[in-house]
Amino acid sequence: MRPLNFKIDKKLEGKLGRTGVLSTPHGDIQTPAFVTVGTKATVKALTPEMVKDLGAQVVLANTYHLYLEPGDEIVRDAGGIQKFMNWTGPTMTDSGGFQVFSLGAAYGKGLGKILKRGEEELALPVLNEEISRKAIIDPNGVMFRSHIDGSSHYFTPEKSIEIQHNLGADMIFAFDECTSPHESEHYQAEALDRTHRWAKRSLEYHHSKPNKETQGLFGIVQGGRSEKLRKESAEFLGALPFDGYGIGGSFEKEDMNKAVEWCNSILPEDKPRHLLGIGEPTDLFGAVENGCDLFDCVAPTRMARNGGAHTRDGKISLMNAEFRTDFTPVDAECGCYTCKHYTKAYLAHLFRSKEMLAGTLLSIHNLYFIIHMVDEMREAIRNNIFFEYKENFLKRYYK
RNA sequence: GCGUCGGUGGCGGAGUGGUCAAUCGCAUUUGACUGUAAAUCAAACGCCCUCGGGCUACGAAGGUUCGAAUCCUUCCCGGCGCA
């Protein structure tokens, strides 16, 4: 029995986009779908019931974080991540590959996944960089220093898969190296070679264990901003028997769609593709159009906790003075629980007085907004109106 | 009334002769947030202008000094103690 079954039911004419159904041991996912991030086996500020009610189909947790606390064996003994966190739907776990980046090359530099124009100078070497960073890479794996207590831990591809077997999600990722966009082409090639070797090892280890019966393994395409490397990576990994593929790395905003297209024109059509860590409306349209089926992103929930809200007319910050006396919903056209029952003035009050409910209510809204936007893209593809939908949405959102 | 301690920027509270437009915290304003190191971070925050600078400021008014938020005098206001 295969752990996953992916069935494409409609294609976007002239493009790589498609809709489908991804069946997992814990239920079906209508794709394209936005994956809610619950790094530490919790979607921050929300109960699983809230997450379900706002329309989430699948939750993604993290290997590195759950390994550190509470420990993957505890999650295993609890009956796996679904049972542990009381989320009954499909789950995924990331491999810890992103932490190679965020705790390594990006540590202390405020570097994110998307490189903005003019940020290149940040690539200048920092004094004592090797001391400050908390992840050090070698050919065999990565040494992490815990961001919690400073203790040292060593991840190999085998170790990451072993942890993910213990966590027990329906879909797991091969251990990869997410590179900094500042790295040279030479380094990108070297890192990609490492990611490929790690991918094979992840696959071999995975298939040497019985968990392969229930867990699908995704390989992760890397290659930075290089067309040559991206295509090379898609070729290499596409030829391996993964159950799906992730597209990782950090991008120049303008280049992302191209990079996604390079990868997806090569990756096997019948396998699900997950664009890792992307969640801005404009990026999601590009990703769907160019053939991605899944995307996860912390932005909706993180923004929400910081007072940032999506609306049909663009982003707003509820900390802005004007909303203190605005007695209308965050988005009058939104059907979420928060918009049905609360005003901006109330949310502004909650944020200013630092009440916990603020982050909860706005997380509900932002997740609902993004999830439903992707749902609408899916329906638009099925109804042959994707490009109209896209144009109307983006024109209004970014006006 | 006498004695005593104190009055600093929206608030709290440092500073006790020059390096003070004044540490710091809060509040305020704005910005950022894309496989969560994040309910976080950054910037601005007397007035005027362009970096730089100019102007007005530490209860009020005088004074000492090259120079005062800092010392002196008087006054006003507040806490406490004694009558």
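**Around the RNA**

Analyst: RNA strand B is surrounded by 49 residues, and the closest are Gly-112, Cys-178, Gly-277, Val-298 and Gly-308. A residue is near a molecule or strand if its C-beta atom, placed from the backbone, lies within 6 Å of it. This is a predicted model: local features need pLDDT of at least 70, side-chain atom pairs count only at pLDDT 80 or more, and totals for chains, interfaces and linings use all residues. Residues are numbered from 1 along each chain as its sequence is written, while chains are lettered from A and ligands numbered from 1 in the order in which they are written.

User: Which elements each supply at least two residues of the surface near RNA strand B?

Analyst: They are strand 5 (59-62), helix 5, strand 16 (294-297), helix 12 (299-305) and helix 15. Helices (H or I, at least four residues) and strands (E, at least two) are DSSP runs, numbered from the N terminus.

User: How many residues of each class does the surface near RNA strand B have?

Analyst: It has 18 nonpolar, 20 polar and eleven charged residues. Ala, Val, Leu, Ile, Met, Phe, Trp, Tyr, Cys and Pro count as nonpolar, Asp, Glu, Lys and Arg as charged, and the others, Gly among them, as polar.

User: Back to helix 5. How many of its residues are buried?

Analyst: Eight of the nine residues in helix 5 (residues 97-105) are buried, so the helix is mostly covered. Buried means 20 or more other C-beta atoms within 10 Å of the residue's own, exposed means 12 or fewer, and partly exposed is in between; C-beta atoms are placed from the backbone. The buried residues of helix 5 include Phe-98, Val-100, Phe-101 and Leu-103.

User: What covers the buried residues of helix 5?

Analyst: The cover includes helix 2 (63-68), strand 6 (91-94), strand 8 (135-137), strand 9 (142-145), strand 11 (171-173) and strand 12 (216-221).

User: New topic. What domains does the assignment of chain A give?

Analyst: It gives domain 1 (5-297) and domain 2 (298-394). Such bounds come from an automatic or database domain assignment. The centres of the two domains, taken over C-alpha atoms, are 26 Å apart.

User: How many residues of domain 1 are in contact with domain 2?

Analyst: 26 residues of domain 1 are in contact with 26 residues of domain 2. Contact means that the C-beta atoms of two residues, placed from the backbone, lie within 7 Å.

User: Which elements give two or more residues to that side of domain 1?

Analyst: Strand 4 (33-37) and helix 11 (281-289) do. Helix 11 gives the largest share, five residues. By class, this side of domain 1 has 16 nonpolar, seven polar and three charged residues.

User: What about the largest nonpolar core? Which residues have the most contacts inside it?

Analyst: Ala-174, Phe-295 and Leu-347 do, in a core of 103 residues. A nonpolar core is a set of buried Ala, Val, Leu, Ile, Met, Phe, Trp, Tyr and Cys residues joined through C-beta atoms within 7 Å. Helix 15 (residues 356-382) gives the most to this core, with 13 residues. Domain 1 (5-297) and domain 2 (298-394) both give residues to the core, so it lies between them.

User: What is Phe-295 in contact with?

Analyst: Leaving aside neighbours within four places in sequence, the contacts of Phe-295 include Phe-34, Val-35, Leu-284 and Ala-287.

User: Is Asn-86 buried or exposed?

Analyst: Asn-86 is exposed, because it has 11 other C-beta atoms within 10 Å.

User: Last one. Is Gly-244 buried or exposed?

Analyst: Gly-244 counts as buried, because it has 24 C-beta neighbours inside 10 Å. Gly-244 is found in strand 13. Gly-244 and Leu-4 are 240 residues apart in sequence and 8.9 Å apart in space, C-alpha to C-alpha.
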